[in-house]
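Hello,

Here is the structure I said I would pass on. Please look through it, then read my notes on the helices below.

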Amino acid sequence: MKKFQNKVCLVTGASSGIGKATAVAFAESGAKVIVSDVNETAGMATVSELVALGAEAIFVKCNIAERAEVQNLINQSIEKFGRIDCAVLSAGIAGRLSLPTHEYPEDEWLNQIHVNLIGTWYCIKFLLEEMLKQGGGNIVSIASAAGLRGQPNNSPYATSKHGVVGLVKTAAIEYATKNIRINAICPTAIETPMIMEGRRKLAYNPEALEAAKNYQAMKRMGQPSEVADVALWLCSDEASFMTGHALPVDGGAFA
Ligand SMILES: NC(=O)c1ccc[n+]([C@@H]2O[C@H](COP(=O)([O-])OP(=O)(O)OC[C@H]3O[C@@H](n4cnc5c(N)ncnc54)[C@H](O)[C@@H]3O)[C@@H](O)[C@H]2O)c1
């Protein structure tokens, strides 16, 4: 039997990058997968990939920064599958890594906090309500190395990710005796559209790309699947004594 056979697993940010790799890994491990993202076209493409792998999968569009949309995501998941065993929360937005704190535009500051921190809180809050009813569950939030150390010129992002780590640790303690485990993963540079094509545009900036690789002791960036594998391990019974961690996945950077 596959490791996640008959398990119902929800992934936010599953249209791209780490979230997509996690959705694929769950499907390959036998899970029924709820693919969620604000990007519907790419989300439907993820669903097609999972179905081609033989998995049962649905797409639910959700902007995690909108409370009602998160509530709808959880309701639709329960309506379809009856429970949510595991959730990996990967939806997030990057900062622009270019402005010191006093110059960072207020609207961007607020937006990063709203999506990365408050959006993650909405997801965890509504997941916990269901997991308490069903008697257990597993949540993994994709935070960041910027949730463990400062990141110059990216204060709203680093602040939002530190907030996620605080939320995860606190909730982990609160629900530890309720058969609910909650962990965070703190990746360093992972080769995804967010940093290759997005604001950091590493694909078009050889110098910045070299610096991103050299940040890790392994002198390379991580692959989305290398984060997904850790997320699945944390969700599995093999990690049954793990809760409240903010685990770097970092090619030796923190060493
Ligand atoms: N790539 C890295 O180097 C890196 C490093 C550390 C942490 N992270 C974190 O990992 C997570 C995934 O990042 P990625 O690199 O895979 O990026 P990505 O841009 O490839 O994927 C992020 C996904 O989240 C979705 N999304 C964005 N805002 C959303 C919202 N409000 N509601 C729902 N979905 C939304 C996007 O549409 C996209 O599909 C993020 O939380 C990011 O902060 C990434």
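Predicted model: local features only at pLDDT ≥ 70, side-chain atom pairs only at ≥ 80, totals over all residues.

**Helix packing**

Residues are numbered from 1 along each chain as its sequence is written, and side-chain values use heavy atoms, with hydrogens and water left out. Helices are DSSP runs of H or I with at least four residues, numbered from the N terminus.

Helix H3 covers residues 67–81, and its axis lies 9 Å from that of H4 at an angle of about 35° (axes are lines fitted to C-alpha atoms over the stretch in contact, and angles run from 0 to 180 degrees between N-to-C directions). On the H3 side the contact (heavy atoms within 4.5 Å) includes Val-70, Ile-74 and Ile-78, and on the H4 side it includes Tyr-122, Phe-126 and Leu-127. By class, the contact of H3 with H4 has seven nonpolar, one polar and three charged residues (Ala, Val, Leu, Ile, Met, Phe, Trp, Tyr, Cys and Pro count as nonpolar, Asp, Glu, Lys and Arg as charged, and the others, Gly among them, as polar).

H4 itself runs over residues 106–134, and its 29 residues reach 41 Å from first C-alpha to last, close to the expected 42 Å (1.5 Å times one less than the number of residues). A kink of about 35° is centred on His-114 (the angle between axes fitted to the seven residues ending there and the seven starting there). Just after H4, Gly-135 has a positive phi of about 90°.

H4 also packs on helix H5 (residues 155–174), at about 15° and with the axes 8 Å apart. The two are therefore roughly parallel (angles under 35 degrees). H4 passes H5 in a right-handed crossing. Among the residues in contact are Trp-109, Ile-113 and Trp-121 of H4 and Tyr-157, Val-164 and Leu-167 of H5. This contact of H4 with H5 divides into ten nonpolar, seven polar and one charged residues.

Lastly, the axes of H1 (residues 17–28) and H2 (residues 40–52) come within 9 Å and cross at roughly 20°, which makes H1 roughly parallel to H2. Lys-20, Ala-23, Val-24 and Ala-27 of H1 meet Thr-46, Glu-49 and Leu-50 of H2.

Regards

Terms used:
Parallel < 35°, antiparallel > 145°, perpendicular 65-115°, else oblique. Left-handed = near helix turned anticlockwise from the far one by under 90°.
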